[in-house]
Amino acid sequence: MKTTLVILTKNEIQGVNAVVSKIPRNAIDEIIAVDGNSTDGTREALRGMGISVVPQTSPGRGEAFRIAVQRSKGDILIFFSPDGNEDPADIPKFKKYFEEGADIVIASRMMKGAHNEEDDSSFPVRKLVNQAFGLIANIFWNRSGRFVTDTINGYRAIRKDVFEELKLDGTGYTIEYQMSIHAMKKSKKIVEFPTHESRRIGPGGSPSMSTGIAFIKCLWREILLSFK
Ligand SMILES: Nc1nc2c(ncn2[C@@H]2O[C@H](COP(=O)(O)OP(=O)(O)O)[C@@H](O)[C@H]2O)c(=O)[nH]1
Ligand SMILES: [Mg+2]
């Protein structure tokens, strides 16, 4: 089973400079970056570190996932965002779960032993909203008996053949949520391990309001599709 690490970037130069050198490259078979038209030198920096960069022709994280599937050689894709949130030391942990039969492996910020960026905040809005979306997905579609604690996190890995089977057409930040829901609908095996989410490095981050609305639309569509 060969693994490809997919670095996802859009104007992430500060994170790239701080994080990419910490990636344990000997733990993976291939490394590529999919870039959403960065204009801040992200692509040049990645190439300077010996990483081949695939530019996106259509925008959004969802599109980046699909391009990664087309352009990678691995049987397993590990998606990694070098924005400071994700701990590169977790990268070697994914593979063994696939060897044990997992279809998707999620680094969870919500399970016992994990840390969420907002855990130090007195009112962790994003965390609570994420948990609400996760709870709804589990109630509607998860029949595995194993509750999925972090249905939304981008730090995850999937078997390439399973990705193709799930037929994901989400465009932006909903891609992971759609992946979790489709996997539950098709009774795929989702496994999680606890991760430590740190603070973002540099400017950016998903816009809360428009991302929230996109999630509601995604969820509503999945509910309607369930009754067809
Ligand atoms: N390839 C690609 N990466 C993106 C795109 N949008 C965001 N990213 C990257 O995805 C990662 C997570 O994005 P971020 O805005 O931090 O989302 P958040 O962590 O959910 O707030 C970062 O590494 C971004 O650079 C995109 O359209 N294409
Ligand atoms: Mg982030």
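Q: How many helices and strands does the chain have?
A: The chain has 8 helices and 7 strands. Helices (H or I, at least four residues) and strands (E, at least two) are DSSP runs numbered from the N terminus. This is a predicted model, where local features need pLDDT of at least 70 and side-chain atom pairs pLDDT 80 or more, while totals for chains, interfaces and linings use all residues. Residues are numbered from 1 along each chain as its sequence is written, with chains lettered from A and ligands numbered from 1 in the order written.

Q: New topic: is D35 buried or exposed?
A: D35 counts as buried because it has 21 C-beta neighbours inside 10 Å. The cut-offs are 20 or more other C-beta atoms within 10 Å for buried, 12 or fewer for exposed, and partly exposed in between, with C-beta atoms placed from the backbone.

Q: And where is D35 found?
A: D35 is in strand β2. The C-alpha atoms of D35 and L8 are 6.1 Å apart, although 27 residues separate them along the chain.

Q: What share of the chain's residues is buried?
A: Buried residues are 44% of the 228.
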